[in-house]
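Please keep the sequence and the model open while you read.

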Amino acid sequence: MDAVLLPVASWWLLTTLLGLAAAPLAYRLFPALFDRGLSLARPLGLLLATYLFWLGAALGLAPPQRGAAVLAVAVLMLAGLLALGGREQVLLLRRWLAQRWQLLVAGELLFASAFLLWATVRAYNPEIAGTEKPMELLFLNAVLRAERFPPVDPWLAGHPLSYYYFGYVIVGMLAKLADTPAALAFNLALALLFALTAHGAFGLAATLVAARQPTVSSRTLILTGLGGAWLLLAFGNLVGILDFALSRGWGSPQFWQALTIDGLTTPYQAPSWYPSQHWWWWKATRVINTFQNGQGVDYTITEFPAFSFILGDLHPHVLALPFVLLVLALAASAFFTTDPWGFRWLRDHPGQALLLPLLVGALGFLNSWDLPSYAFVFFAAVALGAYRKAGRFDRWLLRDVGLFALLVGAASVLAYLPFYLFFSSQAAGVRPVTGVGTQLHHYLLFWGPLVFLALSVLISRLAGGLGQDWRTSLQLAGTLGLLPILAWLAATVPASARAGTLGAFLTALPGRLGLSLLLAALVTAAALVALAARQRADAFVGLLVGTAFLLQLGAEHFFILDVFGSRMNTVFKLFYQAWVLLALVGAYALWVLLPRSGRQLGRLAFSLGAGLLLLAGSYYGLAATWSKTDGFRGQPTLDGLAFARAANPDDAAAIDWLAANTRGQPVILEATGPQYSEFGRVAVQTGLPTLLGWGGHEVQWRGSDALFRGREQEIDRVYLGSREEALAILRKYHVRYVFAGSLERQKYGPAVTERLSSFLDVAYQHGTTTVFRVL
C-alpha cells in the first residue's frame, strides 16, 4: 500500500498548506457560516492560487511551470497573512476556534479518511481507459506541457484547446508542485475531489442546522454533516436496488419489461450479494427514456455523483463539484448575514468584493453548464436575504441588489476573459422539448428518496405556518412555478399550428403536462417557503429545493441545442445540479423531521419511509464500488497507465521516450481512428499535438469539422502514399515525429514501418514500435 499512501500523503500535505493559507480569507468571506467556511478553505486556496497561475500564463507574463506555481502559492500565503489582521483579531480567531474545534476536527478527519478511502478505491481500478478518460488525460497532459494558456489541442495540431479546462489547470498545478506524473495525478485528483466535496458538504449541511438552532450540539452537527456528505457522494437512486432484485430472480418478465429501463429486463441468479452483469451499475444513469417500437426516442443521461466517482472519469462536472459548494457557501453567507449584501456591501467590503467574481466566474471556466444555475442561487440568495431583512421589496432594495448582480456578474466574466476569447461553444441556442417527456415512474425511480425528503420538509414547513405576508408571496411563487410551462406553451403551440398538428398536440397535452404540473406545484411550494417561512434556515432550504425542482422542470420543456440534437445533455447537467442541492437539503430534512420522542406519529411515519428509501438508495454506492474494484482484489497502484505498459510494452516504451526527450510542443503524427477507441493514444499520454485524434469529439467541442476536414485522408497518405506526397504533408503541418506502432500496423499493414524507413530517419525503436524523425 506504500504506492497509495505516499502520493496521498504528499497531496494531503500540499492541499492542507493551501487550505491553511486560504483559511483567514475564508474566515472573513463567510462570517455568517457556522464554520466560517473553513470546510471549504482548501477549494478556496486551490482556486485562488490556480487563478494566479493561469492568469500569468494566459497573459504571457509567466510560463505555467513549477516556479510560477510556487509564486502563486506564495502570493496566496501573503494574502492570508494580511487577512489575519492585527493582534486583537487573532485573539478573536483563537477564541472562535476554541468554541468550534470539535466540528473542525471532525471535518478534517472526514477529509483525510475520504481522501484515503477513494485513493484506495482508485488503486484497485486505476486504468485510464474507456469512456471519456483518454480525453481527460489528454487535457491534463496538454496543461502540463503547455507553454502558455490556452494550451494547444493535442488532438488537433495548430489550434488551441476549445473546452472549459480550468479543472485540469488546477490538477496540473498540483501535479507540478508535487512533481507527480500525469498518470498518477489523474487518480489522485479523483480521490482529492471526492474528499474536498465530502468536506464541503459536511460543512454546508452543518451550517443549515446551526442556522436554525444555534445552540445545537457538536454531535448533532457532525452527524448532520456526515449525512450531507453521504447523500451527495455515496447515495444512489432506486435502480440499484431494482438491479439487486433482478439478480435474485425476483419479479416476472412482464414486470421488468413494464419498467422500460434498458438492460433491466430478464431476471437471473447472481452468485454473490451484488449483480453480476458486466457494468450493471451503469443502468442507473440511463433511467429516463421513451421507447417506441422497441427503440429509445428520448435517450438521456441521468448521472449522479456516486456514479461519477465509481466510473472514475475526471470530467468537468466532477472537477467542479468542490467549487460549486464554494459558491453555495457564498449564497448561504449572503443569505444568513446580518449585513445584507448589495451594492453598498461591495463598496464597504472591497477586499471580499474582489473575491466574489473569481469564485462565481470560475464555474464558467470549470464547467460552463454550472455557471447559470449556481449564479441564480447566489443572486437569489442575495436578493432574498435583503428582502427578509427589509421586510419588503421596494425600488431601493431592487436597485441595490440589481447593481450588485450586474457588477458581480460582469466582473465574473471579465475575470476569465482570456478563456472566453478562445472558447468556441457547440451550443446553438435553446429549443423546446417536443414529442417526449419523462414518465412518472422513471422520475420516481431516479429521484424518489431525495424528493421524499425535500417534499417532507416543505410540507412540515407549510404546515407549521408562514409569515403574515404569505398571500403576496404565494402569488409570486405561483408565477415562478408556472413560468417555464407558459414559456414552453408559447414556443410550441404556434409551431404546432404552423405544422398543422395542433389538434394532435392538444390531445396529447394532458398526459404530457402531468409531471410538469406536479413539478410546478413543488416549485411554487418551495418558493412560498423561501419567501414567507418564519425561520431563516427554512427559507434558504426553500430556495435550494425550489431551484432543484425548477431545474428539473426546465429539463422537461427546454434543452440546449448541441450536436446531439436532443435533451440528453440538458437532462444530464441540470439533474446533476439538482442532485447536489437536494442532497444538502436531505441532510437538513433528516435532522428537522426525525422524531426526538416516541409520541409524534407523523415523524415516526416519516422515519419509516425515509429509512426504507435511504437503505434502498445506499445499496448502490456500496455494491457498485465493490463490483467496480472486483472486491478489492489485485495489486493496488495509482498509476493509471500501468495496464498499457503491461499490454503493449513496445508502444509504451516509445511513448515514454517521446514524453521524456522532446522539448516544447513538436507536432507528431499517429494513426487516427474512431472516438472511444485506442487511437490518439500518443497525444493522450504525452500531450504532444497530433494532426487528428478523436474527430467526433472535436466536432462536439467545436460544432463542426470545418477546421480538420480532410486531415484523416492526409494522414492515410503519409502512411500509404508516395514519398513525395508524404513529405509534402509532413512539411505542411510541421510534423517532427512519425509514430509507427501497433495501431499503425493494424490499420496500414505490417509493412508500414519498412515503408516509412525508406524516407525517414529512425529516432527511437523498441521491439516492433518505431519513432521516425522528420528532418
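Asp630 and Arg633 form a salt bridge, with their closest N and O atoms 2.8 Å apart. A salt bridge here is a side-chain nitrogen of Lys or Arg within 4 Å of a carboxyl oxygen of Asp or Glu. This is a predicted model: local features need pLDDT of at least 70, side-chain atom pairs count only at pLDDT 80 or more, and totals for chains, interfaces and linings use all residues. Residues are numbered from 1 along each chain as its sequence is written, and side-chain values use heavy atoms, with hydrogens and water left out.

**Salt bridges**

- Asp630 is partly exposed, at 40% relative accessible area. Arg633 counts as exposed, at 53%. The cut-offs are under 20% for buried, over 50% for exposed and in between for partly exposed (1.4 Å probe, protein chains only).
- The structure holds 21 salt bridges.
- Asp243 and Lys283 meet through their side chains in a salt bridge, 3.2 Å from N to O. Asp243 lies in helix α9 (residues 239-247) and Lys283 in the loop between α10 and β1, so the pair ties together parts 40 residues apart in sequence. Helices (H or I, at least four residues) and strands (E, at least two) are DSSP runs, numbered from the N terminus. Asp243 and Lys283 are both buried.
- Arg645 forms a salt bridge with Asp656, and the closest N and O atoms are 3.5 Å apart. The pair links distant parts of the chain, 11 residues apart: Arg645 is in helix α25 (residues 642-647) and Asp656 in helix α26 (residues 649-661). Arg645 is partly exposed at 33% relative accessibility. Asp656 is partly exposed too, at 35%.
- A network of salt bridges links Asp651, Glu670, Arg681 and Glu744.

**Aromatic pairs**

- Rings of Phe, Tyr and Trp (its six-membered ring) pair if their centres lie within 6.5 Å; planes under 30 degrees apart count as stacked, over 60 as edge-to-face and the rest as tilted. By this rule there are 66 aromatic pairs.
- Phe166 and Tyr416 pair edge-to-face, at 5.9 Å centre to centre and 70° between the planes. The pair links distant parts of the chain, 250 residues apart: Phe166 is in helix α6 (residues 166-178), Tyr416 in the loop between α17 (395-414) and α18 (417-422). Both Phe166 and Tyr416 are buried.
- Trp280 and Tyr620 have ring centres 6.2 Å apart and planes at 75°, so this pair is edge-to-face. Trp280 lies in the loop between α10 and β1 and Tyr620 in helix α24 (residues 601-628), so the pair ties together parts 340 residues apart in sequence. Trp280 and Tyr620 are both buried.

**Charges over rings**

- The charged end of Arg42 sits over the ring of Phe111, 3.8 Å from its centre. The rule asks for NZ of Lys or CZ of Arg within 6 Å of the ring centre and within 35 degrees of the ring normal.
- Arg100 lies over the face of Phe34, at 3.8 Å from the ring centre.

**Buried parts**

- Six of the eight residues of helix α28 (residues 695-702) are buried, so the helix is largely enclosed by the rest of the structure. The buried residues are Gly695, His697, Glu698, Gln700, Trp701 and Arg702.
- Gly703 follows α28 and has a positive phi, near 90°.
- Ala22 is found in helix α1 (residues 2-29). Ala22 counts as buried, at 0% relative accessibility.
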